Amino acid sequence: RGRGKGRGDEVYEYGNYPTYYNKRLPGGIADTRLDILQKEWFEGKRVLDIGCNTGVFTVELLRKLGADSVVGVDIDASLVRRARAAAAALAHPNDAQYTAEQLGVDWVPVSFSQKMGPVRTVASSVQFVCSNFVTGPECGEGEFDAVVCLSTSKWIHLNHGDLGVKELFARVLRALRPGGVFILEPQPWKSYRKARGTTATIDGHYSTIELRPSDFTEYLKSDEGGFARVEPLGRAVAGSAQFASSKGTERSIVACFKAGAP
């Protein structure tokens, strides 16, 4: 998640911007995208987060929405390492002995564990995997109750074309259990234009794209897309209102449901 072009010579061709959450959630402000997601879709469920970056939102699926277990996938190994380190230091919200509230802090000091014994951390329920979700090993069929893909589909689309984004949707559908939900926050077409020229691959795919983000909803509920229904959840600001105004990160989010009973 993030912009393609970085400072200096750095190029983030997969949207793997290392300070993505620092800019979208300055000062640790709450992510408003959490407010429009129904807790019943996640509470006690197994969840997959595609394009997890440093895992900030991934962890909130556990802490705020009550997921039983979460797997975060990202293509960037350095971001995955950071996500794992953060999760290993964060107190588990459901720890029966020492909750975050009882400790009085979110982050577990090393000295506390040395004196009081091990404290269960978020890492016991959150796993971070470095992989290309579209071309790498596929998840098990029906492995997840919910799949989240926020501000990531553009980078898959630009790096793999229409076939790549269709493969994303197909893999998500297979990974979901019957009745499962896919939460998608696609970037608008104007942000694709801004990413042109990031790499030759992106430039080449940009000119061949026929399935635009505005077409995703109709595609997802078509016979080829395979989802039983798609519901708009509204628009959420991915960060401060000031940042959203300047960067255009107030985006529509949709919920796509797989056929069948949960």
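Student: Where is the place of Ala 261?

Tutor: This is a predicted model: local features need pLDDT of at least 70 and side-chain atom pairs count only at pLDDT 80 or more, while totals for chains, interfaces and linings use all residues. Residues are numbered from 1 along each chain as its sequence is written, and side-chain values use heavy atoms, with hydrogens and water left out. Helices (H or I, at least four residues) and strands (E, at least two) are DSSP runs numbered from the N terminus. On that numbering, Ala 261 is placed in the segment after strand 7 (250-257).

Student: Does Ala 261 count as buried or exposed?

Tutor: Buried means under 20% relative accessible area, exposed over 50%, and partly exposed in between (1.4 Å probe, protein chains only). The relative accessibility of Ala 261 is 61%, so the residue counts as exposed.

Student: With which residues is Ala 261 in contact, leaving aside its neighbours within four places in sequence?

Tutor: Ala 261 and Pro 178 are 83 residues apart in sequence, yet their C-alpha atoms are 5.6 Å apart in space. A contact requires heavy atoms within 4.5 Å. With neighbours within four places set aside, the contacts of Ala 261 are Pro 178 and Gly 179.

Student: Among contacts in the protein between residues at least 6 apart in sequence, what percentage join residues at least 24 apart?

Tutor: The protein has 10 helices and 7 strands, and 51% of its 262 residues count as buried. For contacts between residues at least 6 apart in sequence, the share that joins residues at least 24 apart is 72%.

Student: Which residues of the largest nonpolar core touch the most other members?

Tutor: A nonpolar core is a set of buried Ala, Val, Leu, Ile, Met, Phe, Trp, Tyr and Cys residues joined through side-chain atoms within 4.5 Å. The largest one has 35 residues, and those touching the most other members are Leu 168, Phe 169, Val 172 and Phe 182.

Student: What is the angle between the planes of Phe 182 and Phe 227?

Tutor: Rings of Phe, Tyr and Trp (its six-membered ring) pair if their centres lie within 6.5 Å; planes under 30 degrees apart count as stacked, over 60 as edge-to-face and the rest as tilted. Phe 182 is in strand 5 (residues 176-185) and Phe 227 in the loop between helix 9 (216-220) and strand 6 (229-237), 45 residues apart. Both are buried. Their pair is stacked, with 5.9 Å centre to centre and an angle between the planes of 25°.

Student: Which residues do ring pairs link into a cluster?

Tutor: The count of aromatic pairs comes to 7. Beyond four places in sequence, Phe 182 touches Phe 169 and Phe 227, among others. Ring pairs link into a cluster Phe 169, Phe 182, Phe 216, Tyr 219 and Phe 227.

Student: What is the centre to centre distance between Trp 189 and Tyr 206?

Tutor: Trp 189 in helix 7 (residues 189-195) and Tyr 206 in helix 8 (residues 200-206) are 17 residues apart. Trp 189 is buried at a relative accessible area of 13%, and Tyr 206 is buried at 11%. They form a stacked pair with 15° between the planes, and the centre to centre distance is 5.0 Å.

Student: How far apart are the end C-alpha atoms of helix 3?

Tutor: The expected span of a helix is 1.5 Å times one less than its number of residues. Helix 3 (residues 77-89) has 13 residues and should therefore span 18 Å; this agrees with the distance between its end C-alpha atoms, 19 Å.

Student: What arc around the axis of helix 3 do its buried residues cover?

Tutor: The buried residues of helix 3 are Leu 79, Val 80, Ala 83 and Ala 87. The arc is that of the directions from the helix axis to the C-beta atoms. These residues are on the same side of helix 3 because they cover an arc of only 100°.

Student: What is the phi of Asn 53?

Tutor: Most residues other than glycine have a negative phi. Asn 53 is found in the loop between strand 1 (46-50) and helix 2 (56-63), and it counts as buried because its relative accessibility is 0%. Its phi is positive although it is not a glycine, with a value near 55°.
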